[in-house]
Amino acid sequence: MNEFSREDCEFMARALQLARKAMYSAHPNPRVGCVLVGEGRIVGEGWHQKSGEAHAEVIALENAGASAKAATVYVTLEPCTHHGKTAPCTEALIKAGIAEVVVAMQDPFHEVDGDGLGALQKAGIAVRVGLMNDEAAKLNEGFVSRVTRKRPFVRLKTASSLDGCTAMEDGESQWITGPEARADVQRLRASSGAVMTGIGTVLADDPSLTVREEGLAIEGMQPLRVILDQQLRMPLSARMLTLPGDTAIFCTDDSNRAALESAGASVTVVPGASDGADLDVVLARLAELGINDVLVEAGHTLAGSLLTSGLVDELVIYQSPHIMGSLTQGMFSTPAWQNMSQRMQLDIIDVRRVGADTRITARPTA
């Protein structure tokens, strides 16, 4: 059983803080931070900023220079051993003469998964694992989901009035929540590899599904826009087809495929289910594309289908302090549950004010 001191915790907390700097830029790679400590003080630090660029350990080593020799490394994820877009981090650590490596969590990716720890130990470097494991795992829930479950982490966002309404009977819904809540949604988009909606929302609202908030919109990076459009009713004039970033359409009938692909969208045919495209297959395909996290911004039909299929990992509900009345649309379209035993239990993990609205974060219980 590894033992950790207060100083160990302080240095790993700093490594996690560095990893969070990549919240909007690292995907599809995990968010990783690294701190090098020599003689009780930080001599180098770094974080993995973008796929294809140097990993956190390499940046920290460069930052430390000669001070890296005999230092202790605090890193939030097991150092890699394989050649990908960059060289293995274990080789760089061994070459630098590191004395010890403290790791928050083991990498579940099959090309690493303990091999990094083994390579370090074989080279005579002391290794301790598990310090702040839960914090590190939460930071990379999407990455862990993709490599272990073969599907992204699904976060369902919805906005409603206090009486649970998302739109008036005719579909009018702008704006239920205030500007602060809408800005908060921009942060959710920026931290996601994809934003998903249904064709009904596209036809009703012609959304952009882009990150526009200053400071969040990283040059050349936009979440993949995912549209579930069973019969390919997507208009060629849709706004999102003219915007930066990619649009992926999943359908069961590809009769209009050529026109949409000419307009810049990718079209993927998937098996059908009783209420549309097979959602399990769609999520599996997104995982194959390297998508870690999917933010769903959809109407009650798609939201209800995902929820009742057990495919929602987390709900983010923005609740505005007003009443919209009875001639409205609800948050979720669900089966006709007949009694209380059929209700879906949620575990509320966070409640906070966002401007005038309340943001509730909850997870379905097993």
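Met132 lies in the loop between strand S5 (126-129) and helix H5 (133-139). This is a predicted model. Met132 has a positive phi of about 60°, although it is not a glycine.

- Is Leu232 buried or exposed? Leu232 has a relative accessible area of 4%. The cut-off for buried is under 20%, so Leu232 counts as buried.

**Cis peptide bond**
- His27 and Pro28 are joined by a cis peptide bond.
- The omega of the bond between His27 and Pro28 is about 15°.
- Pro28 sits in the loop between helix H1 (6-19) and strand S1 (33-38).

**Helix H10 and its ends**
- Helix H10 spans residues 279-288.
- Its buried residues include Leu279, Val282, Leu283, Leu286 and Ala287.
- Viewed down the H10 axis, the buried residues fall within an arc of 140°, so they line one face of the helix.
- Which residue caps the N-terminal end of H10? Asp278 does, with a side-chain oxygen 3.1 Å from the backbone nitrogen of Asp280.

Technical notes: Residues numbered from 1 in each chain as written. Predicted model: local features only at pLDDT ≥ 70, side-chain atom pairs only at ≥ 80, totals over all residues. Heavy atoms only, no water. Helix = DSSP H or I, 4+ residues; strand = E, 2+ residues; numbered from the N terminus. Buried < 20%, exposed > 50% of the residue type's maximum accessible area, 1.4 Å probe, protein only. Arc of directions from axis to C-beta. Polar contact = N/O pair within 3.5 Å; in protein donor to acceptor, adjacent residues only side chain to side chain.
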